[in-house]
Every structure is written in C-alpha cells, then in structure tokens.
Amino acid sequence: MNGFSSEERAAPFTLEYRIFFKNEKGQYISPFHDIPIYADKDVFNMVVEVPRWSNAKMEIATKDPLNPIKQDVKKGKLRYVANLFPYKGYIWNYGAIPQTWEDPGHNDKHTGCCGDNDPIDVCEIGSKVCARGEVIKVKVLGILAMIDEGETDWKVIAINVDDPDAANYNGINDVKRLKPGYLEATVDWFRRYKVPDGKPENQFSFNAEFKDKDFAIDTIKSTHDYWRALVTKKTDGKGISCMNTTVSESPFRCDPDAAKAIVDALPPPCESACTPPADGKIRTPVK
C-alpha cells in the first residue's frame with residue numbers, strides 16, 4: 001500500500017459530489033500537488049479518475065482548493081461519455097499522473113500546440129477494474145499525442161505494477177503483441193468520443209502512432225518541470241489552485257489544519273446511503 005486514501009463527499013453523480021484525498025496520517029492533501037510523481041525508481045503514481053467500463057467523466061478539479069475529483073459539468077449538466085460502438089464507456093482505467101501539468105503557455109515542439117492546462121492523462125491497461133479515487137503504481141509503456149480542439153493532450157499508456165501480467169509488459173511493442181487491437185481501439189476511441197456531442201473528430205501527431213517508453217518518460221518529466229514552475233509561482237496558473245501541504249518551496253503551501261477547514265465546510269462524508277445504482281443513473285421515484 002502507498003498510504004493514500006480517499007473520502008467521498010455527497011452522493012456520486014450529483015453536482016456536489018467530491019472525492020478528497022488523505023495521506024497516511026489521515027490529513028487532507030491535494031492529489032494534484034501532494035502525491036509524488038514517482039512511487040519508485042521508474043514507477044509512477046497514478047490517480048484513478050474513471051474506472052474502466054464506466055461513463056461518468058470524473059476529473060481532478062484543478063481550480064478547486066485541494067483539487068478533489070469531481071464530475072465534469074457542461075452547461076449545468078453532469079458529463080458522461082457516450083457508449084461509442086462497439087465500446088462500453090472508457091476502455092481502460094483512466095486518470096492522471098500527479099505533479100505534472102501540460103502548460104497552456106508552452107507550445108509543444110512535437111505537436112505545434114500548447115498544453116491543455118491539466119495533469120498528464122494515463123490509460124492503465126491492466127486486468128483489474130480500479131476504483132475511482134484509487135492511487136496505483138504504474139509502469140509506463142508508451143504515449144499517444146492527441147490534439148483536442150487545438151490543444152496538446154498527451155495520453156500515457158501504462159500498466160499497474162501489481163497486475164499479474166505486469167512483468168510481461170516493458171514497452172509499447174509488448175502491448176501490440178499481447179493485446180492485439182487494443183492500441184488501435186484506443187486511437188479509435190479518442191478520435192471519435194466527442195462526436196456524439198456534436199464535436200469534430202480529434203486529431204493526432206505522429207500520424208496517430210504511439211511513441212515508445214523513453215519518449216513517454218521524457219514527456220512526463222517535462223510536464224513535471226512545468227508543474228514545478230506552476231506550484232512555485234514561476235508560471236501564472238491563471239485560476240489553478242496550487243494549495244498544497246508538502247511542496248516546501250511553494251508559496252501556496254498550507255498547514256494540515258487549513259486543508260481540513262476547506263473540507264469541513266462541505267457536505268458530510270458519503271455513507272452507504274449514497275451508493276448509486278450500478279449504472280450510475282440517479283432516478284426520480286415514480287409517484
């Protein structure tokens with residue numbers, strides 16, 4: 001275990017729903033700023049935002065204090081991704097690597113586009129369906145350069161180090177060999193997932209080919225450098241909340257009591273009564 005835990009506030013699939021994170025002492029932290037990028041040598045931490053096969057578009061709230069996970073909202077409505085034939089929801093465990101940031105002020109030399117203003121995204125391809133808010137350790141295998149409405153939006157391909165088959169996966173070619181069709185499905189999914197919402201297809205750099213592990217790790221390291229500039233106020237985050245409890249050189253660092261006060265002001269922790277239907281749809285009882 002890595003010592004991190006999470007706590008739900010309000011019912012899932014509501015506007016008020018939040019997942020806050022705690023360290024091993026039970027103190028509230030930011031999953032964006034306080035969970036280390038590295039879990040071990042060549043092993044990265046990943047914050048799971050969306051379990052495989054689910055549809056609710058959950059994400060780290062970069063502009064909220066302590067950056068809890070919440071469901072994305074568009075025009076006042078909670079966002080869900082469509083079931084894009086032949087897939088069901090997200091086709092991997094989806095999340096982000098902490099202490100990374102795709103800087104919207106930096107024009108990427110590979111894509112010719114600026115960053116999307118979020119932590120770098122990860123698609124975890126192991127056999128286990130992870131839980132929302134889980135922090136797992138992953139081995140990076142490769143990366144895809146997606147262009148989303150003119151912004152660079154890297155997609156890291158990784159596998160949980162605790163997966164029974166993790167030892168067999170050491171690079172992107174192992175994914176091609178052991179999971180034939182999975183990478184092609186990944187490109188297809190990312191290309192078309194916004195089309196049901198009336199958006200155009202997404203584009204890709206490198207002719208939609210996956211780059212290798214070394215390229216992926218270099219890209220992650222560069223987003224870590226952009227994050228450090230953000231959290232130390234060398235870059236203007238323009239609305240991003242950099243409140244943290246661990247980054248010693250950050251002017252946004254606060255003590256655990258201040259972090260607790262943020263959470264205490266919100267609805268109480270979610271109890272079993274909050275458990276939603278398995279399909280994630282809140283229904284109004286018929287009278």
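The model is predicted. Its largest pocket holds about 770 Å³ of space. Among the residues closest to the centre of that pocket is Asp72. The structure also holds 15 aromatic pairs.

**The largest pocket**

- The space in the largest pocket comes to about 770 Å³.
- The lining is made up of 34 residues.
- Closest to the pocket centre are Lys57, Glu59, Asp72, Asp116 and Asp118.
- Several strands each give two or more residues to the lining: S5 (43–50), S6 (58–60), S7, S8, S10 (93–96) and S14 (151–160).
- Helix H2 (182–192) also gives two or more residues to this lining.
- By residue class, the lining has 19 charged, twelve nonpolar and three polar residues.

**Aspartate 72**

- Aspartate 72 sits in the loop between strand S7 (69–71) and strand S8 (73–74).
- Its relative accessible area is 15%. The limit for buried is under 20%, so aspartate 72 counts as buried.
- The side chain of aspartate 72 makes a polar contact with the side chain of arginine 79, at 2.8 Å.
- Beyond its neighbours within four places in sequence, aspartate 72 is in contact with Lys57, Glu59, Lys77, Leu78 and Arg79.
- Two of these partners, Lys57 and Glu59, are also listed with Asp72 among the residues closest to the pocket centre.

**Aromatic residues**

- In total, the structure has 15 aromatic pairs.
- One of them joins tryptophan 189 and phenylalanine 190 in an edge-to-face arrangement.
- Tryptophan 189 and phenylalanine 190 are both buried.
- The two belong to one aromatic cluster, together with Tyr90, Trp92, Tyr94 and Tyr193.

**Aspartate 255**

- Aspartate 255 lies in the loop between helix H3 (213–231) and helix H4 (256–264).
- Its relative accessibility is 43%.
- The side chain of aspartate 255 reaches the backbone nitrogen of aspartate 257 at 3.1 Å.
- Aspartate 255 and alanine 131 are 124 residues apart along the chain. Their C-alpha atoms are separated by 28 Å.

**The two aspartates side by side**

- Aspartate 72 lies in a loop between two strands, while the loop of aspartate 255 runs between two helices.
- The side chain of aspartate 72 contacts a side chain, that of arginine 79. The side chain of aspartate 255 reaches a backbone nitrogen, that of aspartate 257.

Definitions and conventions
Residues are numbered from 1 along each chain as its sequence is written. This is a predicted model: local features need pLDDT of at least 70, side-chain atom pairs count only at pLDDT 80 or more; totals for chains, interfaces and linings use all residues. Side-chain values use heavy atoms; hydrogens and water are left out. Helices (H or I, at least four residues) and strands (E, at least two) are DSSP runs, numbered from the N terminus. Buried means under 20% relative accessible area, exposed over 50%, partly exposed in between (1.4 Å probe, protein chains only). A polar contact is a pair of N or O atoms within 3.5 Å; within protein, one must be able to donate a hydrogen and the other to accept it, and residues adjacent in sequence count only if both atoms are side-chain atoms. Contact means heavy atoms within 4.5 Å. On a 1 Å grid over the protein atoms alone, a cavity is a set of points where a 1.4 Å probe fits but cannot get out, and a pocket is an open set with protein on both sides within 12 Å along at least five of seven lines; lining residues have an atom within 4 Å of a point. Grid points are joined across faces, edges and corners, and a volume is the space filled by probe spheres set on the points. Ala, Val, Leu, Ile, Met, Phe, Trp, Tyr, Cys and Pro count as nonpolar, Asp, Glu, Lys and Arg as charged, and the others, Gly among them, as polar. Rings of Phe, Tyr and Trp (its six-membered ring) pair if their centres lie within 6.5 Å; planes under 30 degrees apart count as stacked, over 60 as edge-to-face and the rest as tilted.
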